[in-house]
Structure formats: structure tokens, C-alpha cells
Amino acid sequence: MKIVVLVKHVPDAQFDRHLTGPGNTTDRDESILSELDEYALEAALQLSEARGGAKAGNEVIALSMGPAGAVNAIKKSLQIGASSGAHLSDDALAGSDAAATSLALAAAIRYLAADAPVDLVLTGMASTDGETSLVPAQLAERLGLPQVTFASSLEVNGERVVARRDGDAHADTVEATLPALVSVTDQINEPRYPNFKGILAAKKKKITALTLADIGVDAAQVGAAGSLTAVETAEARPPRTAGTIITDEGDAGIKLVEFLAAQKLL
Amino acid sequence: MAKALVFIDNPGSALKKSSLELLTIARSLGEAAVAFNGELHDDVAAALGSHGASVLYRPSATDLDDYLVAPKAAYLAAAVAASGAETVLLENTADGKEIAARLGVKLNAGVITDVVGVDADGTAHKSVLAGSYTTTAKARTAVAVLTVKPNSVDVEAPAAASTPEAVTIDVPADATANAARITGRAEKPASGRPELTEARIVVAGGRGVDGDFGPLEELADALGGALGASRAATDAGWIGHDYQVGQTGKTVSPQLYISAGISGAIQQKAGMQTSKVIVAINKDAESPIFEIADFGIIGDLFKVVPQATEEIKKRKG
Ligand SMILES: Cc1cc2nc3c(=O)[nH]c(=O)nc-3n(C[C@H](O)[C@H](O)[C@H](O)COP(=O)(O)OP(=O)(O)OC[C@H]3O[C@@H](n4cnc5c(N)ncnc54)[C@H](O)[C@@H]3O)c2cc1C
């Protein structure tokens, strides 16, 4: 089985995050592998291992798009267990919106499928920075694949993908045939950590560097130029400040109701 | 006149407030039309008319719900073409955003999600990076696709009702060709409380409830609010995952958010920090939730919450 897992290098949510520059793009200085992508990687590794792993010809390729630093997301994925990586990096990609991102990633996936077809594209449910969830659905549309998104469980039986998808009013069982695109939620598994052996092994694994020319995409189709939306203004919201804090002395419930009444919230 | 198309995925037996909000925005942009799928009840059709829908588009196929989003996007693309709409408005749900995503590719249209306001010129307002920035964004394309959060505008109806024209849209023959099929559906029991993302008041509990959401349910009911939870509480299986508020749960922006027994990790705050008023009840004075609370109580939720519920009941008589 050949699985491509999308891994994004995103600003660490533990720190303050900023928009910078004329395009109001996200500052990526303090970035990490998106936590939500770890679930997709884990799902890929489990599928590969259940089929005999790399020895049996299974491949898990970690694909990332982004500036030089994004290679760290790939390295971490290799340490965790991906078999190889691909890093799409090109100055022209800066400032890409979901449409431009999905266009470039679709081309990169086609490139990776040139030697042998890709059976499964796995992604996280959303990036932890943009949080739009647009890219998985747009990739499926562009690649003509069935989309099985927000999967909280995943099985592949032969050519058949079976997943569970939790909605508000109901939980659905969703089925598709391979090749398919699957995005997974944080309910699907417990991602593993890299261990010492994995960290050593990662050093020998291949990372293919890709540019727009390699994947046959024109610079005008991506980046700010190729994006279909533009952020016009961005204003930092004043941080919330703490209000009144009281310690319960047996009447805090009543004080709470007085506060709600004063705020006209009752 | 500019045209805007509102997509309503299964209007059901009564229109949701969020659908009426979308229609209000559509009318502020120009002529409003509706594309729906599923059944259309007479009173829902009348309500759409009284909220200014000029045309009601329906799909030629009845099996769109049997597949995951793809055929709905194909139908909607055909409806956009038929209507000549420049703006398409959808709900900001998981399905809504994904239909928007695919529609964007089909129409080469810019997609903006999590919108909380739309100006007459199509400029969309949203907040990003877990509420730490407010931004305006615009589609640079002939058609703009926007998914709008609930409670973004006050619902207004036009002075005169319209009698919408009914038009059937042919769903493209290949719409289901590469779509994932929904083969099983387990309905979840309805709680009778308002829907979490739309509720004016949310009472949320975390690990501190120690398996017992009872006191929070009573407070939520006394306030007419919805119940929410942290991931620690949903992971423990004390309450369904669909109650989770936060980065990987729901984003809520109610008038009042009461957080009880929740520490206030960044991933939890991501889902609630745009709430108008935040109340926190936590035993630990060092909990980060107190940094953003308008009213914080250092105390045991099992004492504070029932007392508050009693007091509210007393006041409401
Ligand atoms: C990728 C990722 C995504 C995540 N997404 C989310 C998400 O969407 N939503 C989310 O909530 N979390 C999310 N998390 C988890 C998050 O980091 C925290 O672990 C979680 O929010 C903790 O939940 P909690 O506050 O209920 O539990 P804890 O952090 O254990 O806090 C429990 C609190 O209850 C208090 N307490 C205990 N007993 C009482 C009592 N009797 N009365 C009053 N107070 C009491 C304690 O003082 C403590 O502050 C995510 C994590 C990751 C890595």
C-alpha cells in the first residue's frame, strides 16, 4: 500500500501566534508538526504495519509544503516512522490560500504517484493554524478521489475503506473504494512518539525536495498571485483580561447569580 | 441587481435560525435565492418566501444524503450557474465548509470560512488564530463562497413577502461517481437543549466534574443554555464527543460561557474565548482559565453550581 500523509509545519499554539507582512500571513518562526497531523501519520503507520510494513513494500510518504523550516515536520514524521518524505518548497508558494495550496498539493501528489499509484491520501481534520478544513475536500475534488473526512475510525479491507464519522445528530458509517482521501480526527488513535531507534533510522531516510517546476505548476497559480481570496486587514484582538475573582466562602453561587443579573444574562 | 444564493441542507420541518440569518445576509447583498435539498414542507416554503427568497432551487435527485458532500457540491455548482449568483452562503458546519471547499474548486471561486459578518460590498469579517486576530477578507473571483457562523446577524424579514418561483436543477450525472457512500446511520438521542454552536448560553464542564454532569445539566436547564465539555471529559466517556468545545471540538461564541472544572488549556480556550462573558469555577486559583474570566470563582463546583441553580430557580419563581 502506498500512502501519502500530509504534514504541516504550523506555529506552536502554546505560544502567541502572529500575522505578519503585507499579506497578513502567519508567522512560522516557532513552528512544529501540526498535532492534528500526528493522528493521520499514526493511522498510516498502523495500516502499513498491518500489511507487513516497509518490508512488504508498504510506503508511507510524509509530504509537506512550506518554507525551508517545514522540513522539520517531515523529519519528525520520519522519526515517528514514515518511510520517506517529500518537501515542496518554492518562494512563489508564500501566501497561498486554501485553493492555491490544494492546487499545489494535488500536483505534488500526482508527482509522487508517477512511479506507482497512491492508494490513500491521509490528512488531519484541520490545520491548527488556518483551521479551515478546506484543503482535504479541495484535494479530493482536484484529484477526483472519494473523500472520507473527519474519520474517527478507519479500516481498509481490500479495496474498500470503511470509516466512522461523528456528526451532531448522528454517527455515520462511510464507505469508499481505493484510491481515496481520508481525513482523521483526534478521536481515531493515540499517536506514538519517536523513539531512539526511530530517530537514528530517520537519518537514513530520503527526503525528496520538490519545486514548482518539478510538479509542473506555474508560479502565477499559487502564492498570493494565485490565491482566490485576499486578507485585507488584520487587527490583533486586545487580549482578554481577568475580571473579578472571588474565593468561595459559602455564598459564591449566589454572588454568581448576582453577577449574571447585573450583566442582564438571566 | 447582485444575486446571492443560500444553500440549506435539508431544511427539515422548521427553518433553523441560522438559515434565516443567511437569508438576511443574502438580502443585504442583493436578490436572495435558496438552493435546498431534501423535503420542503409548506410552512418552510412560506417562511423562505416571507424572508425574501425569490427562487427555490431543488435538485432533480433525491439521494444526495446517501453520499458524503461531493454530490451536494455538484448540485450547488449547477444551481449557482442557473441563478447567476455572485455570492454563495452556507452554514459554517463541517459539511457546509466541505461543500464550500469543493464548490470553490468547481467554480474557481474564493472560499472564506468562519465568517461572522458580511459588508454590502462582499467584504467578510472573521477571527483567526483562535480568536487572537480579527480580519477582513475578500474573494478575488467572480463568485465568492462564504460559510457563516451562527449568531452573526440579527434576523430581519423584508416588509413584503415574496412568492418564490420553484426551479428544479439537474444534478450532473457523474455527481456520485467518485463519492463516498453513507452506508449506516446511528441517530443520537436529542437532549432537548439548544444546539451548542447556536446557544446564547453554554455551561461547560471538564475533568473537575469527575464523571457527574448532573449539576451542570441542571444549571444549563435553569439558564436555558446548552451543555459543553472539555476534551478531558469527553475522552473519559462522561459525555459525547459532540459536546467538546475547543480546537478539535466546536467553536462557540455565546453571550455567556460558564466553565466549571476546566483548567483552560490553549486548545480549550481556542473554542470559547470569543464568548461575550466568561465565568469560571475552579478549585485551583492557578488555573489559566482565570486569566480570561470576567467573573472567576475559586471553589468547588459541586458546592457553587447547585447553589447558583437554586438561586436562579428562586428568582425566576
Ligand atoms: C491536538 C489537541 C487538540 C485538543 N483539542 C481540545 C479541544 O478541542 N477541547 C479541549 O477542551 N481540549 C483539547 N485538548 C486537550 C487540552 O490540551 C486539555 O488537556 C484539556 O482541555 C483539559 O481538560 P480539563 O480542563 O477538563 O482537564 P484538566 O486540565 O485536568 O483540568 C481540570 C480542572 O478541574 C479543576 N477541578 C477539579 N475538581 C474540581 C471541583 N470539584 N470543582 C472545581 N474545579 C475542579 C482542577 O483544578 C483543574 O483545573 C487538545 C489537545 C491536543 C493535543
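Me: Which residues have the most contacts inside the largest nonpolar core?
Reply: Happy to start there, with the reminder that this is a predicted model. As background, nonpolar side chains tend to be buried together in soluble globular proteins. Here the largest nonpolar core has 42 residues, and those with the most contacts inside it are I3(A), V5(A), L120(A), L122(A), L154(A), V182(A) and V184(A).

Me: Which element gives the largest share of this core?
Reply: The core in question is the one of 42 residues. Its largest share is eight residues, and they come from helix 1 (residues 35-50) of chain A.

Me: What is V184(A) in contact with, leaving aside its neighbours within four places in sequence?
Reply: V184(A) is one of the residues with the most contacts inside the largest core. With those neighbours left aside, the residues in contact with V184(A) are Y39(A), A40(A), L122(A), T123(A), G124(A), M125(A) and A151(A).

Me: How many residues are in the other core, which lies apart?
Reply: That core includes L256(A) as well as A233(B), V305(B) and I312(B). Its count is 33 residues.

Me: Where does the ligand lie?
Reply: Around the ligand there are 28 residues, and R207(B), S230(B), S263(B), Q267(B) and N282(B) come nearest. As for its place, the ligand lies between chains A and B.

Me: How much of the ligand's accessible area does the protein cover?
Reply: A nitrogen atom of the ligand is 2.8 Å from a backbone N or O atom of V245(B), and a polar side-chain atom of D300(B) lies 2.9 Å from a nitrogen atom of the ligand. A polar backbone atom of G249(B) is 3.3 Å from an oxygen atom of the ligand. Of the 990 Å² of accessible area that the ligand has on its own, the protein covers 82%.

Me: Is Y243(B) buried, partly exposed or exposed?
Reply: Y243(B) sits in the loop between helix 6 (231-235) and strand 13 (256-260) of chain B. Its contacts beyond four places in sequence are S191(B), L196(B), L227(B), G228(B) and A229(B). Buried means under 20% relative accessible area and exposed over 50%, so at 24% Y243(B) counts as partly exposed.

Me: What is omega for the cis peptide bond that joins L178(A) and P179(A)?
Reply: Most peptide bonds are trans. For the bond between L178(A) and P179(A), omega is about -5°.

Me: Is F150(A) buried or exposed?
Reply: F150(A) lies in strand 9 (residues 147-157) of chain A. F150(A) has a positive phi of about 55° although it is not a glycine. Its relative accessible area is 12%, and the limit for buried is under 20%, so F150(A) is buried.

Me: And D210(B), is that residue buried or exposed?
Reply: D210(B) is in the loop between strand 11 (201-205) and helix 5 (214-223) of chain B. D210(B) is not a glycine, yet its phi is positive, about 50°. Its relative accessibility is 61%, and exposed means over 50%, so D210(B) counts as exposed.

Me: What ipTM does the predictor give the complex?
Reply: For chain B the average pLDDT is 95, and 100% of the residues score at least 70. For the complex, the predictor gives a pTM of 0.90 and an ipTM of 0.91.

Key:
Residues are numbered from 1 along each chain as its sequence is written. Chains are lettered from A and ligands numbered from 1 in the order in which they are written. This is a predicted model: local features need pLDDT of at least 70, side-chain atom pairs count only at pLDDT 80 or more; totals for chains, interfaces and linings use all residues. Side-chain values use heavy atoms; hydrogens and water are left out. Helices (H or I, at least four residues) and strands (E, at least two) are DSSP runs, numbered from the N terminus. Buried means under 20% relative accessible area, exposed over 50%, partly exposed in between (1.4 Å probe, protein chains only). Contact means heavy atoms within 4.5 Å. pLDDT is the predictor's confidence in each residue, from 0 to 100. A residue is near a molecule or strand if one of its heavy atoms lies within 4 Å of it. A polar contact is a pair of N or O atoms within 3.5 Å; within protein, one must be able to donate a hydrogen and the other to accept it, and residues adjacent in sequence count only if both atoms are side-chain atoms. Accessible areas come from the Shrake-Rupley method with a 1.4 Å probe; for residues, only the protein chains shown count as cover. A nonpolar core is a set of buried Ala, Val, Leu, Ile, Met, Phe, Trp, Tyr and Cys residues joined through side-chain atoms within 4.5 Å.
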